[in-house]
Amino acid sequence: MTVRVPAKVNLQLGVGPIRDDGYHDLVTVFHAVSLFDEVTAEPVGGTHAAEGLTIVRDDGPLAVTVEAAPGAQVDIGDVPTGADNLAARAAQLVADRLGVEPRVRLRIRKAIPVAGGMAGGSADAAAALVACARLWDDGEEPRLDREELLELGAALGSDVPFAMLGGTAVGLGRGERLTPALTRGTFHWVFATADGGLSTPAVYAECDRVREAQGERVAWPQVSQNLMTALATGDAKALGAALGNDLQPAALLLRPSLRRTLDAGRDLGAIGSLVSGSGPTCAFLAESENHAAELAAELGGLGVARAVVRAHGPVPGATVI
Ligand code: C5P
């Protein structure tokens, strides 16, 4: 059972005050883009040998291997190993819910940057949820419906439900309460990845620290109406002007070199640019597919990124292939 799952970029990431549980209330607009991981779930017998590049877990019936997708420049060495791998936790969660042994080998093929602010780990968890639910749900009626899978996803991570849903959606709460957004047409993106990831908790903590140092009262974020109109009318220029990320200042403080990357994209004519999620990947909006190709080629030549990749959005969420 193979499930393909997209990366995301937050077109808007409004970060509200910190909550008692340590999370921040968000007003965010998620957008799924055509950079995909694939997770294959294979049933295994009582014993197995996990060949492959990274053996994440081989101490029980559940094994995970991770490899880079052909041609993708991703640091699979940075994928968390052990029981904290989100896809392994997803498979365990489905097994617990269905009351079965998690006798499965998960093979993860990554094209989404690792710890890059594009929800790669969440994507793998979403794919593993969908794949394992299908694998172990042998009845006529699914024992885990979509709503239940979304709930399990939210328990695994704030971005997991969106990876299942895909498209473009407004996210509230931790980002797990989703409402699909109206969009028209396709938007063309260029992503500049960086050497080494950024820790999401560290970026949120830096955002809190800066706000506290500035004595800033944290205003409740609002969905940008300009952004929603740009999406609904398919107006790329207006979308570019409406992009916003409250975590960007914190990401730039932790990784000052990103400023050069953002400036380079802007100088080359990107109609919008921002740090993706908690970074360090930078996202650039292009006017058209051709413009994206030009922008990617020129940006790639400047040495301001580890890799430069093109993608379009919106695309569907986790899909069985
Ligand atoms: O939910 P997830 O495990 O992906 O979140 C990773 C970290 O990001 C959290 O531990 C928290 O530090 C931060 N976070 C947050 N507020 C959110 C989402 C994530 O503070 N709404």
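This is a predicted model: local features need pLDDT of at least 70, side-chain atom pairs count only at pLDDT 80 or more; totals for chains, interfaces and linings use all residues.
Close-up 1. Residues are numbered from 1 along each chain as its sequence is written, and side-chain values use heavy atoms, with hydrogens and water left out. You will find glutamate 206 in helix α5, which covers residues 200-213 (helices are DSSP runs of H or I with at least four residues, strands are runs of E with at least two, and both are numbered from the N terminus). Leaving aside residues up to four places away in sequence, glutamate 206 touches Ala250, Leu253 and Leu254 (contact means heavy atoms within 4.5 Å). Its C-alpha atom is separated by 8.9 Å from that of proline 249, 43 residues apart along the chain. The side chain of glutamate 206 also makes a polar contact with the side chain of arginine 209, at 2.8 Å (a pair of N or O atoms within 3.5 Å; within protein, one must be able to donate a hydrogen and the other to accept it, and residues adjacent in sequence count only if both atoms are side-chain atoms).

Close-up 2. Strand β6 (residues 168-172) is largely enclosed by the rest of the structure, because 4 of its 5 residues are buried. Strand β2 (residues 24-43) runs antiparallel to β6, and 4 bridges join them (two strands pair if DSSP finds at least two bridges between them). Here phenylalanine 30 has alanine 169 of β6 as its bridge partner. Another 4 bridges join β6 to strand β7 (residues 177-180), again antiparallel. Look for valine 170 with its bridge partner threonine 179 in β7, and for glycine 171 opposite leucine 178.

**Close-up 3. The hairpin turn between β6 and β7.** The hairpin formed by β6 and β7 has 4 residues between the strands. In the turn, glycine 173 has a positive phi of about 70°.

**Close-up 4. Helices α2 and α3 in contact.** The axes of α2 (residues 120-136) and α3 (residues 146-156) come within 10 Å and cross at roughly 145° (axes are lines fitted to C-alpha atoms, for helices over the stretch in contact, and angles run from 0 to 180 degrees between N-to-C directions). Ala125, Leu129 and Ala133 of α2 meet Leu149, Leu152, Gly153 and Leu156 of α3.

Conventions
Buried means under 20% relative accessible area, exposed over 50%, partly exposed in between (1.4 Å probe, protein chains only).
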